[in-house]
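User: I'd like to walk through this fold with you, one question at a time. Can we begin with the sheet and then turn to the helices?

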Amino acid sequence: MIRRREVSAREVVDAHLDRIGRVNPSVNAIVTLVPERARRDAEHADAVSKRGGTVGALHGVPVAHKDLLDTAGIRTTYGSPLFARHEPDTDALIVTRMRAAGAITLGKTNVPEFGAGSQTFNPVFGPTRNPYDLTRTCGGSSGGAAVALACGMVPIADGSDTGGSLRNPAAFCNVVGLRPSPGRVPGAPGTWSPLTVGGPMARTVADAALLLSVIAGPDARHPLSIDESGAHFHFPLGRDVTGLRVAWWRGLGGVPFEPEIRRVVNESRAVFESLGCVVDEAEPDFAGIDDAFLTLRHLAFHAEYAPLARAHPELVKDTVRWEIAEAERRTSADVARALARQARLYDDVRRFFERHDYFVLPVTQVAPFDVSVPYPTVIDGTPMATYVDWMRSCWYVSFMACPAISVPGGFTADGLPVGLQIVGRHRGDWGLLQIAHAFEQATGHGKRRPPVVTSPPTGRS
């Protein structure tokens with residue numbers, strides 16, 4: 001509509017700012033807002049259009065960036081009181097690429113402190129609430145982004161994912177979250193780890209693919225960077241999926257799931273069969289993944305946050321301090337075993353995808369839970385030992401080093417969203433988007449909007 005001049009970028013920005021003003025007080029998804037800057041940028045975009053200038057793929061599209069991503073001149077807190085007034089001097093690469101494509105920044109979306117955990121709350125801004133039930137969590141760590149999308153406060157959003165942070169909140173909020181292949185969207189300069197990736201979130205698979213087309217592409221500062229342009233992700237996604245071999249999850253070696261999650265996800269098997277896919281029960285061998293993933297996760301937290309935790313222990317939350325302490329407890333032999341298990345899983349998964357084209361399983365083990373609860377401690381009678389145990393259905397997949405997507409998969413009997421997770425071959429992001437699009441079009445689950453949008457309560461923050 002902007003390209004056809006049916007609406008101006010300024011009108012689009014104003015419409016989204018109006019939605020934020022009406023709905024955000026109920027859900028607390030956008031925590032820093034820069035409306036005057038956004039309006040100036042929109043007016044500049046409109047001036048470029050009138051002159052017939054070159055416009056990018058996101059020309060005039062309003063966005064909000066995850067509060068873990070640096071934004072030059074815009075407050076970036078990482079959810080920590082230590083950075084409550086922090087304004088970076090430079091933009092993160094994802095932000096740079098989105099703005100270069102014409103996106104207009106409205107502000108920042110809420111996160112857990114330092115992104116630790118799949119429940120979005122922090123001492124700076126408080127919790128973000130699920131728009132389908134304001135008493136429930138939206139997940140995390142890209143929770144503010146997922147809620148902003150579900151509520152129509154932004155049309156696309158960026159996020160990041162180590163143990164499920166793009167996929168979990170997408171599942172809890174009935175939107176799309178893509179964890180791309182490691183290196184597809186270059187992250188922090190110099191890192192060799194495939195565990196943390198940046199990626200797109202949107203209300204449809206096609207919109208997620210559009211954003212991926214902008215943020216994907218090589219960067220010489222990232223050693224895992226994939227030397228392929230992101231431009232081809234802008235192509236139409238439609239294709240015939242007849243004959244594709246879908247491996248249906250068996251239970252991930254005994255990982256507990258709530259019965260409603262099992263029911264809703266397993267009902268989707270018939271959708272793939274109706275599309276002509278060949279569906280068989282199969283999954284990789286995840287034995288030993290728990291200790292290996294956690295060991296490498298602990299190391300990453302230690303490298304990033306140990307100096308801060310030592311200097312200000314009272315201002316760093318307990319789960320981050322636990323990650324650091326666990327890293328210091330591990331030995332070099334523990335790290336060697338973790339890396340060896342990571343290598344074996346890669347080879348196992350390579351052979352698994354010689355027999356199957358895609359792997360389907362739930363995104364989460366639970367439905368959205370009470371927003372006042374930091375994390376589930378029991379699932380279907382099984383105690384959770386740590387604050388991330390309840391997300392094994394996501395971080396098992398992270399350890400596979402394959403692209404994975406969360407698409408709306410249906411609703412519980414209580415009307416809470418459930419996400420379906422589809423995993424593709426190593427670097428098979430394009431095919432993954434295509435089959436996710438086919439499932440989305442066949443079901444229409446993502447069209448169901450949250451009640452807070454049509455009749456938002458007042459006085460809630």
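**The sheet and its helices**

Analyst: Eleven strands make an open sheet with mixed pairing, in the order β1-β3-β2-β6-β8-β7-β14-β15-β11-β9-β10. Strands here are DSSP runs (E, at least two residues) and helices are runs of H or I with at least four residues, numbered from the N terminus; two strands pair if DSSP finds at least two bridges between them. This is a predicted model, where local features need pLDDT of at least 70, side-chain atom pairs count only at pLDDT 80 or more, and totals for chains, interfaces and linings use all residues. Residues are numbered from 1 along each chain as its sequence is written, and side-chain values use heavy atoms, with hydrogens and water left out.

User: What is the bridge partner of P362 in β15?

Analyst: P362 belongs to β11 (residues 358-362), which runs antiparallel to β15 and is joined to β15 by four bridges. On its other pairing, β15 (residues 417-423) lines up antiparallel with β14 (residues 404-411) over seven bridges, where G410 stands opposite V418 and F411 opposite P417. For P362, the partner in β15 is L420.

User: Which residue in the turn between β14 and β15 has a positive phi?

Analyst: β14 and β15 form a hairpin, with five residues between them. The phi in question is about 85 degrees, and the residue is G415.

User: How many residues of β15 are buried?

Analyst: Buried means under 20% relative accessible area, with exposed over 50% and partly exposed in between (1.4 Å probe, protein chains only). On one side, P417, G419, Q421 and V423 are buried, and on the other V418, L420 and I422 are too. The count for β15 is seven of seven.

User: Are α1 and α2 roughly parallel or antiparallel?

Analyst: Helix α1 (residues 9-27) and helix α2 (residues 35-50) pack at about 155 degrees, with their axes 7 Å apart. Axes are lines fitted to C-alpha atoms, for helices over the stretch in contact, and angles run from 0 to 180 degrees between N-to-C directions. Under 35 degrees counts as roughly parallel, over 145 as roughly antiparallel, 65 to 115 as roughly perpendicular and the rest as oblique. That makes α1, relative to α2, roughly antiparallel.
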